Amino acid sequence: MNKQELTAMVAEILGQMGLPEPMVKGSDYKPANPGPEQKENGFREGDFVPDVTALDLRKLYLQENAADKEGFARLKAKTPARLGSGRAGPRYKTLTMLRFRADHAAAQDAVFSQVSEDFGSKNDLIPLKTRCKDKEEYLTRPDLGRILDEESEKKLKSAVSAAPRVQIVVGDGLSSAAIQANAMDCMAAIRDGLKARGIDTGKAVFVRYCRVGAGDAVGDVTGCELVCVLVGERPGLVTDKSMSAYITYKPHTGVSESARTVVSNIHAQGTPAVEAGAHIAELIETILRKRVSGVGLHLEGAK
Amino acid sequence: MAERLCSVGLDVGTTSTQLVVSELTVENQASSFAVPQLQITQRQLRYQSEVYFTPLIGEGLVDGAGIREIVEKEYARAGICPGDVDTGAVIITGETSRRENARQVLDALSAFAGEFVVATAGPHLESVLAAKGAGATDFSEKTGKQVLHMDIGGGTSNLALIENGNIMSTACLNVGGRLVKFDEQDRITYVSPALKELCKLTVGQIATPEALRPVAKLLTEALEMAAGLREVTSLLEKLNTREAGDVPKPPAERVVVSFSGGVADCIETTRGWRSFGDLGPILGEEIRKSRLCQGQYRLGDHTIRATVIGAGCHSVRLSGSTVFCRNVRLPLKNLPVVQVTSAEQELTPEELGNLVESRLSQQDTDSVLALPGFSSPGYHRVVALAEGLSRGLGGRPAYVALEQDMAKALGQAMALRLPKEAGIVCLDSLKLSPGSYLDIGEPVGPALPVVIKTLVLQQ
């Protein structure tokens, strides 16, 4: 059987199966008969699959023939955990697998993506950078992420005339997505909250390739009484947009980690950015009054 | 870290008066690295008084001095003094829930002023408290079943329809054990006006089981109608109490019926028909034989004490833990709710200001503005809302309650727009419906305890 005969035979068999004829080399593939629409999921060939990340995990219940579907759904509404996924043989279902990979990819992207170039200037922040030259170095050299590069140090020095009481630092940290989603709303609420309490804040800064410790370096330069670092948290599979605030009284390079007060889980499904900001403003007032942050503040509270 | 609140519930009903003392445990449920989240984690009953007959001067008029004596005696027995009490609720229920009675009781308890955050009455709240006190809401939440709770008391039955632990609607019927009373010689001494046209019983007549049974049957049928187990006739409307408003809408599907109240004790336990000199035992027997008990039904964890336990343990709840409060002396009592809808809160600050101004000026007293708020809003939204609300206040104190978690941000944004001495309370995680009233207590940690009421006494 030569090649031509073979092609003809395949075409015939496919024709009998009711499938469109195979693609003719070099021409656009336009099936003469697209076939009946698939009713099961409503897709036709060539359609995009739906966005698996748009599904609400708290509502997604894939177990077939459940004894008490509503009962499980009620419990599931309380957690974003991947429960009630059902199975395909010994494996996950396709949807579960795709969603897991999509969330994992989003988490990785949040780490590797950059906060946009004009983020600092657009939001009236002094744009600074640590000594890391790129993301790769940032991830492998935490020590460099705590030190400002020379140019940034100079820029900051010239921008600050008098030491502010409170210095706000926005840093990309491990999630650029978290910062773009939350930092500015949170900072606006912190500023208004401090203003209402008569506490002045200097001009805020944005630090690229920022670790929490970079706030200490900013403290060294500005001589601020307190630094509040808004930084992207290491993303997880639930959200890639979670931000933390690290507040340090009398920040300076080498300050103990136990001197930091942290407010974590700032994101739309956790504490909303504006509400967290208002809370942080009050916390800052307390820390300034008691002149201590971190573990010391807890001990102070227990007295 | 747990904080404990001492809460007192006092229920002055048609028949009985009871008092309970409970301890509410408030704990921070968030990790120490997150914004605090205070919750009432435990509601523990510490003391239950005996069940007193409500002291009356004449028919239906409560003896305030008698109530006061009971409270004093029971405080002593429970080993508490007025200063120990953080919160609580007095409820004046059923047929006794008349304005003059309420005044009597409140005046008599004025020496205990300050300790009771609430003094309230009304069938809606009563239904809610009874359903919670009897454990019907917990049962519904745990099982996911739709439950119709009936608190069958002396003068009235308070109904609450519950879905997934949430109370969907309430109703109140003139169905109770003491609508007919008789003395030791079985001579009928009282027939409730609610039974006019519905029975031939008259005062002075000798009561027999045969004479009482038709009334009990009729009352039971009304309950069946309310539960959707019998076709609704005009009977249901006739027995509907005026204060509760609409005739109860029967649930469409078969529900689990749950019982509390004094009559509930006569459902599974057979008692002599003369045990209490009233209709109760026979009514209980009729309910047991009725369609109400043919499907799944349950007796409350507490029966005759359900309402008072509800008042003691469940009347208080906590606001969200990030709130704003400045220049305001707490507790605040009886703030009427002025609603701002989700469409209205999106108006421009000018429009919203005008709207708030006109709504508030229609109120005689300081009111609380209730808004849905926005879920995780941008700060510009907070600012716009603060601007609009501040404009509309016109020198009145700012009392704001939101559903969404944003009160602290809104409160501080308003503080920047109002005079330094302006009173501001901004709370969230609260859903208030129009026609309700709010009490706000002194802070518990960062949160504020509140009581939402539906009917309030005239000042």
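**Close-up 1. The salt bridge between chain B and chain A.** In this predicted model, one salt bridge is counted between chain B and chain A. The partners are Lys408(B) and Glu282(A), whose closest N and O atoms lie 2.8 Å apart. Polar contacts between chain B and chain A number ten residue pairs, with both residues of a pair at pLDDT 80 or more.

**Close-up 2. The side of chain B that touches chain A.** Helix H4 (136-143), helix H10 (379-393) and helix H11 (407-415) of chain B each contribute at least two residues to this side. H11(B) provides the largest share, four residues. Sorted by class, the side of chain B that touches chain A holds eleven nonpolar, eight polar and six charged residues.

**Close-up 3. The contact as a whole.** Chain B gives 25 residues to the contact and chain A gives 24 residues. Between them, chain B and chain A bury about 2000 Å², and 56% of this area is on carbon and sulfur atoms.

**Close-up 4. An open sheet of five strands in chain B.** The strand order is E9-E8-E7-E12-E13 (chain B), and the pairing is mixed. Strand E9 (166-173) and strand E13 (297-299) of chain B are at the edges; each has a single partner strand, so one side of each has no neighbour in the sheet. From one strand to the next, the twist averages 20 degrees.

**Close-up 5. The pairing of strands E7 and E8 of chain B.** Strand E7 (residues 147-152) and strand E8 (residues 157-163) of chain B run antiparallel and are paired over six bridges. Within this pair, Val147(B) is opposite Ile162(B) of E8(B).

How values were computed. Residues are numbered from 1 along each chain as its sequence is written. Chains are lettered from A and ligands numbered from 1 in the order in which they are written. This is a predicted model: local features need pLDDT of at least 70, side-chain atom pairs count only at pLDDT 80 or more; totals for chains, interfaces and linings use all residues. Side-chain values use heavy atoms; hydrogens and water are left out. Contact means heavy atoms within 4.5 Å. Buried area is the accessible area (1.4 Å probe) that two parts lose on being put together, summed over both. A salt bridge is a side-chain nitrogen of Lys or Arg within 4 Å of a carboxyl oxygen of Asp or Glu. A polar contact is a pair of N or O atoms within 3.5 Å; within protein, one must be able to donate a hydrogen and the other to accept it, and residues adjacent in sequence count only if both atoms are side-chain atoms. Ala, Val, Leu, Ile, Met, Phe, Trp, Tyr, Cys and Pro count as nonpolar, Asp, Glu, Lys and Arg as charged, and the others, Gly among them, as polar. Two strands pair if DSSP finds at least two bridges between them. Axes are lines fitted to C-alpha atoms, for helices over the stretch in contact, and angles run from 0 to 180 degrees between N-to-C directions.
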